[in-house]
Amino acid sequence: MTDTRATQKTAWTGAAALLFDLDGVLTPTAVVHEQAWQELFDGYLTEAGHPDAYQESDYFDHIDGKPRFDGVRDFLTSRGISLPEGPTDDDPANTSVQGLGNRKNRIFNEIVDSRGVEPYAGSVRFIHAALELGLKLAVVSSSRNAPAVLKAAGLDGYFPVVVDGQVAAAVGLPGKPDPATFRYAAALLDVPAAGCVVVEDAVSGVQAGSAGNFRAVIGVDRGAGHQTLLDAGATFVVDDLDDLL
């Protein structure tokens, strides 16, 4: 084992708890989210007659890792578009921030229902290794679909604490890049921040972990880029979690 590998292993094996993002870290549903966002905004921009089409880079630049409605707002802002907020339960057919966000959620669920969810094999091996060492585990996700995705992937039994978008809204916690949801999960596990390691693939999530005074932030590069995640505050970056075993 190289010195770098030794440092990486010590960072998580010496911790008391691991706080995992879900989409892109435990399951490849980040790809499904990307597809759902593209389908949403391709349709909306065409309907609106907007000349600046949705690009693949828009997901990482404006949406990735954020609460759904923040993603809608930030993308629209990038195009100079202002829409009414609408009620939280706005009809997905309506052209409002909440309506578009709910439309995206419907598209996402349709894709998950039709294709199912298969977790990353390396992440499952990493979970088992962490449990063997007695580490506590939590999922901290901006998605409001986290429990359903965990169940579909067969991972729900591993995580006694799940802080997702629904929980954050109910408790009144700001979303990533604010560290509040990670801190809340640590408190539910009864572990101080200094004893927790954050595991994230999104820039906003890495920024949240970096701002929260946690033991370490493991960046998982699923497309954001190693240097981008390091610049956002990752302690180190891996391509897959079984690189740490």
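Q: What does buried mean when one reads a strand such as E2?
A: A residue counts as buried if its relative accessible area is under 20%. In this predicted model, strand E2, residues 136-140, is mostly covered, with four of its five residues buried.

Q: How do the strands of a sheet pair, and in which sense do E1 and E2 pair?
A: Strands of a sheet pair through backbone hydrogen bonds, and the pairing is either parallel or antiparallel. Here strand E1 (residues 17-20) and E2 are joined in the parallel sense over four bridges. Within E2, Lys136 is the bridge partner of Ala17.

Q: Which residue of E3 stands opposite Val139?
A: Val162 in E3 stands opposite Val139. E2 and strand E3 (residues 161-163) pair in the parallel sense, over three bridges. Between these two strands the chain runs through helix H7 (residues 146-153), and this β-α-β crossover from E2 to E3 is right-handed.

Q: In what order do the six strands lie in the sheet?
A: The order is E3-E2-E1-E4-E5-E6, in an open sheet with parallel pairing. Its edge strands are E3 and E6 (236-238), each of which pairs on one side only. From one strand to the next, the twist averages 25°.

Q: Which strands does helix H6 touch?
A: Helix H6 (residues 121-132) packs on the sheet and touches E1 and E2. The direction of H6 makes about 155° with that of E1.

Q: How are two packed helices described, and what are the values for H2 and H4?
A: Two packed helices are described by the angle between their axes and the distance between the axes. The axes of helix H2 (residues 29-48) and helix H4 (residues 68-78) come within 13 Å and cross at roughly 45°.

Q: Why are H2 and H4 called oblique to each other?
A: Angles under 35 degrees count as roughly parallel and 65 to 115 as roughly perpendicular. The crossing is roughly 45°, and therefore H2 and H4 are oblique to each other. H2 passes H4 in a right-handed crossing.

Q: Which residues of H2 and H4 meet?
A: On the H2 side they are Trp37, Phe41, Tyr44 and Leu45. These meet Arg68, Gly71, Val72, Phe75 and Leu76 in H4.

Conventions
Residues are numbered from 1 along each chain as its sequence is written. This is a predicted model: local features need pLDDT of at least 70, side-chain atom pairs count only at pLDDT 80 or more; totals for chains, interfaces and linings use all residues. Side-chain values use heavy atoms; hydrogens and water are left out. Buried means under 20% relative accessible area, exposed over 50%, partly exposed in between (1.4 Å probe, protein chains only). Two strands pair if DSSP finds at least two bridges between them. A crossover is right-handed if, with the strands pointing away from the viewer, the path from the first strand over the helix to the second runs clockwise. Axes are lines fitted to C-alpha atoms, for helices over the stretch in contact, and angles run from 0 to 180 degrees between N-to-C directions. Contact means heavy atoms within 4.5 Å. Angles under 35 degrees count as roughly parallel, over 145 as roughly antiparallel, 65 to 115 as roughly perpendicular and the rest as oblique. A crossing is left-handed if the near helix is turned anticlockwise from the far one by less than a right angle, and right-handed if clockwise.
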